[in-house]
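Subject: Structure for your review

Hello,

Here is the structure I said I would hand over. My notes on what was found in it follow below.

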Amino acid sequence: MDIEPSAVPDAAHVPRVGLAVIAAEWTRIGCLGFGGPPAHIALLRRLCVQNRQWLSAEEFEDGIAATNLLPGPASTQLAIFCAWRLRGTVGALVGGLCFIVPGLILILGLSMVFLAGHPPLWVRGTAAGMGAAVAAVAVHAASGLIPASRRRAQRPVRWIAYLLLGGGAATLAGPYLVLVLIACGATEVVLRRPRTGLAHHSMLVVPAVATGGLAALAWVALKVGALSYGGGFVIIPLMQADAVQHYHWMTAAQFLNAVALGQITPGPVVQTVAVVGYAAAGIGGGLLAAAIAFGPSFVFVLAGGPRFDRLRASATVQAFLDGAGPAAIGAIAGSAIPLAMALTHLWQFGILTAAALWLFALRRGVVTALLGAGALGVIAALAGLTTGV
């Protein structure tokens with residue numbers, strides 16, 4: 001693909017880094033990036049700003065701000081953006097793939113174990129235990145996003161309304177949640193119209209109608225990659241109704257396992273979509289779902305990289321995000337309700353309570369919460385409490 005001169009990073013300010021170096025370093029981050037976006041950002045900052053000094057601190061912070069304006073997985077887009085700054089389009093493709101692939105291989109391998117027809121007892125226990133903690137993880141993810149979103153809200157009453165609409169949609173609207181997110185964003189744009197105008201507004205999205213099979217899987221993955229606002233965890237309510245209730249690709253318990261696997265594996269949380277794809281159509285389905293979910297991130301960065309300054313300065317874009325953002329946070333929190341309702345044993349609610357205390361009272365990490373929950377699930381399985389899981 002030809003690169004426009006304006007689309008190539010300024011060689012006077014950014015060193016030319018070898019593709020082999022990008023491949024090695026981004027693969028390392030993809031293997032070590034446990035803990036979601038905060039861990040990914042910290043690893044990228046340490047590499048690109050502190051250790052190698054490839055980018056200035058200001059450039060890196062601008063990259064974070066710009067990618068947070070885009071739908072889809074922001075930390076993945078930041079990894080692609082940093083590689084693009086170093087070697088243009090080819091660097092972005094190499095860096096992005098090396099960041100994504102290690103976690104994708106691992107999560108597909110784990111999917112084969114956890115979604116097997118007759119998994120061993122310890123696997124069933126681990127899955128039931130980790131799945132029990134997922135609702136607490138969802139609320140924890142939402143709570144971490146609230147402060148920044150509330151600070152940027154111009155109208156607190158509308159911010160609360162969008163938050164509640166997103167929460168209600170996650171519980172009741174199922175696969176149509178994305179329409180609620182877009183509607184909240186568009187509403188905020190319209191309400192600010194006297195100040196911002198709509199000359200360049202192009203947020204209208206016409207939902208596709210998937211009839212089943214690979215077309216349905218492709219649509220679900222596209223919603224995850226191109227139409228999700230508010231961070232990786234917003235994919236949970238986007239996928240749950242489709243995967244469990246509408247297309248019956250997996251049971252509610254298996255979906256809980258998918259969410260847990262997306263949290264304990266390195267790399268982007270959006271890898272969860274690969275587990276859903278595997279449940280729908282095997283390894284090929286997992287790879288297809290991942291390709292469609294991550295594809296928009298490459299397109300957004302490669303097409304928008306030279307225009308990020310204008311994107312950040314757009315009052316229309318900012319207004320849209322001020323509506324869609326709190327709705328997405330509400331959706332993440334609201335997803336905890338159907339996730340908790342999917343639990344089938346009383347002891348799982350005990351693990352859910354323990355996970356909530358671990359995350360909120362003790363302020364410990366998500367990965368350790370899920371691994372601890374999995375260990376408790378193994379104990380429950382050995383005690384004969386996992387019958388029917």
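Arg52 is partly exposed, because its relative accessible area of 38% falls between the limits of 20% and 50%. Its salt-bridge partner is Glu25, with the closest N and O atoms 3.0 Å apart. That pair links distant parts of the chain: Arg52 sits in the loop between α2 (37-51) and α3 (57-67), Glu25 in helix α1 (residues 19-32), 27 residues apart. Glu25 itself is buried, at 13% relative accessible area. Please keep in mind that this is a predicted model.

In the whole structure, the search finds nine salt bridges. Another of them joins Arg152 and Asp322, whose closest N and O atoms are 2.5 Å apart. Arg152 belongs to helix α5 (residues 121-152) and Asp322 to helix α14 (residues 315-334), so this bridge ties together parts 170 residues apart in sequence. Arg152 is partly exposed at 37%, whereas Asp322 is buried at 10%.

Arg192 and Glu188 also form a salt bridge, at 2.8 Å from N to O. Both side chains belong to buried residues, with relative accessible areas of 4% for Arg192 and 3% for Glu188. Through shared partners, salt bridges join Arg152, Arg158, Glu188, Arg192 and Asp322 into one network.

Regards

Notes:
Residues numbered from 1 in each chain as written. Predicted model: local features only at pLDDT ≥ 70, side-chain atom pairs only at ≥ 80, totals over all residues. Heavy atoms only, no water. Salt bridge = Lys/Arg side-chain N within 4 Å of Asp/Glu carboxyl O. Helix = DSSP H or I, 4+ residues; strand = E, 2+ residues; numbered from the N terminus. Buried < 20%, exposed > 50% of the residue type's maximum accessible area, 1.4 Å probe, protein only.
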